[in-house]
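Open the model in your viewer and keep the selection tool ready. The tour goes stop by stop.

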Amino acid sequence: ALLGLVILAGRVSELAADVQTASAAAARAASLQGSPAGATQAAQQTAVANLDDANVSCGTLDVATDADMRPGGTVTVSITCVADLSELTPLAPGGLHRTFAARTTEVVDLRRGIGNP
């Protein structure tokens with residue numbers, strides 16, 4: 001049982017890092033767009049792709065984007081992932097869920113023209 005707990009703790013830590021990495025990648029992708037709508041779409045697609053690549057399965061995934069696309073503005077991406085911990089290790093009790101959240105802010109390039117991708 002102790003070994004199972006150690007494995008679960010390691011997997012939970014890895015999942016939290018994967019969500020943070022997805023948030024950072026999504027914010028970067030969003031900051032390269034030319035409009036708030038483009039930023040929102042890029043953030044969503046990048047977050048999903050990053051979590052898929054990391055084999056992270058979120059029962060509920062929310063990707064929120066706050067974008068000020070002016071040069072020097074900021075784009076903030078917040079990700080909330082509700083994961084079923086029983087999928088991480090067979091020793092976790094079924095139906096045990098945990099919410100993982102991450103938030104990253106990127107600055108829009110100062111030298112970029114408004115509306116240019």
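The stops below run from the whole chain down to single contacts.

**Before you start**

This is a predicted model, where local features need pLDDT of at least 70, side-chain atom pairs count only at pLDDT 80 or more, and totals for chains, interfaces and linings use all residues. Residues are numbered from 1 along each chain as its sequence is written, and side-chain values use heavy atoms, with hydrogens and water left out.

**Stop 1: the whole chain**

Show the cartoon. The protein chain has two helices and three strands. Helices (H or I, at least four residues) and strands (E, at least two) are DSSP runs, numbered from the N terminus. The order along the sequence is α-α-β-β-β.

Now switch to a surface. The protein chain exposes about 6,500 Å², by the Shrake-Rupley method with a 1.4 Å probe. Carbon and sulfur atoms supply 54% of that area. Of the 117 residues, 33% are buried. Buried means under 20% relative accessible area, exposed over 50%, and partly exposed in between (1.4 Å probe, protein chains only).

Contacts are next; a contact means heavy atoms within 4.5 Å. Among contacts with a separation of 6 or more, 60% join residues 24 or more positions apart.

**Stop 2**

In what order do the three strands lie in the open sheet? The order is 1-2-3, with antiparallel pairing. Strand 1 and strand 3 (97-107) are at the edges with a single partner strand each, so one side of each has no neighbour in the sheet. From one strand to the next, the twist averages 10 degrees.

Pairing here requires at least two DSSP bridges between two strands. Strand 1 (residues 60-67) and strand 2 (residues 74-84) are joined by eight bridges. Click Asp66: its bridge partner in strand 2 is Thr76. Then click Leu61, whose bridge partner in strand 2 is Cys81.

Axes are lines fitted to C-alpha atoms, for helices over the stretch in contact, and angles run from 0 to 180 degrees between N-to-C directions.

**Stop 2: the hairpin turn**

Strand 1 and strand 2 form a hairpin with six residues between them. Select Gly72 in the turn: its phi is positive, about 90 degrees.

Next, show the side chains of Arg70 and Asp68. They form a salt bridge, with the closest N and O atoms 2.4 Å apart. The term covers a side-chain nitrogen of Lys or Arg within 4 Å of a carboxyl oxygen of Asp or Glu. The structure holds one. Arg70 counts as exposed at 53% relative accessibility. Asp68 is partly exposed at 25%.

**Stop 3: the disulfide**

Select Cys58 and Cys81. Their sulfur atoms are 1.9 Å apart and form a disulfide, defined as a pair of cysteine sulfur atoms within 2.5 Å. Cys58 is in the loop between helix 2 (36-53) and strand 1, while Cys81 is in strand 2, 23 residues apart. The link is left-handed, at -105 degrees about the S-S bond. Are the two cysteines buried or exposed? Both Cys58 and Cys81 are buried.

**Stop 4: Asp18**

Finish in helix 1 (residues 2-31), where Asp18 is found. Which residues does Asp18 touch, not counting those up to four places away in sequence? They are Leu51, Ala54 and Val56. Draw a C-alpha to C-alpha distance from Asp18 to Ala54: 6.7 Å in space, against 36 residues in sequence.
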